[in-house]
Amino acid sequence: MERNEMEQKIIDQYRQDENMMILVFAQWCVNHGLNPEELYHEAYPQQGKNLELEKTLELTVPKQESQEIPYDTVLSVLQLFGNDDLAFIVAREMDKINKRKDD
């Protein structure tokens, strides 16, 4: 396999993994009645619309059709891709969700 071919495969795999991270985040938000675009903008206000997130939102399903996505999974995949600011926002939202459950 040529070097350029190998590099392209690595890039393609990274993009595929990144899209899965976006889907996990977006579906977690849907499952908890949160707007993923608003949370993303809150974490990264300097960025414009995230086109990948917009495309991925089309792949989400209603909460009733989705499996539960563990909180730790969402945080792990966000941090794996360096989305620490977004992970912080997710952690804050999870705290709010847990407080409502306790009330």
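Hi everyone. From the N terminus on, the elements of this protein run α-α-α-α-α. In total that comes to five helices and zero strands, where helices (H or I, at least four residues) and strands (E, at least two) are DSSP runs numbered from the N terminus.

A word on the source: this is a predicted model, so local features need pLDDT of at least 70 and side-chain atom pairs count only at pLDDT 80 or more, while totals for chains, interfaces and linings use all residues. Residues are numbered from 1 along each chain as its sequence is written, and side-chain values use heavy atoms, with hydrogens and water left out.

Now the overall picture. The C-alpha trace spans about 60 × 35 × 25 Å along its principal axes. Of the 103 residues, 31% count as buried, meaning under 20% relative accessible area with a 1.4 Å probe, protein chains only.

Let's turn to one helix pair. How do H4 and H5 cross? The axes of H4 (residues 71-80) and H5 (residues 84-102), lines fitted to C-alpha atoms over the stretch in contact, come within 8 Å and cross at roughly 165°, with angles running from 0 to 180 degrees between N-to-C directions. That makes H4 roughly antiparallel to H5, the label for angles over 145 degrees.

Who touches whom? Contact means heavy atoms within 4.5 Å. H4 brings Tyr 71, Val 74, Leu 75, Leu 78 and Gln 79, and H5 answers with Asp 84, Leu 86, Ala 87, Val 90, Ala 91 and Met 94. Thanks, everyone!

How values were computed:
Parallel < 35°, antiparallel > 145°, perpendicular 65-115°, else oblique. Buried < 20%, exposed > 50% of the residue type's maximum accessible area, 1.4 Å probe, protein only.
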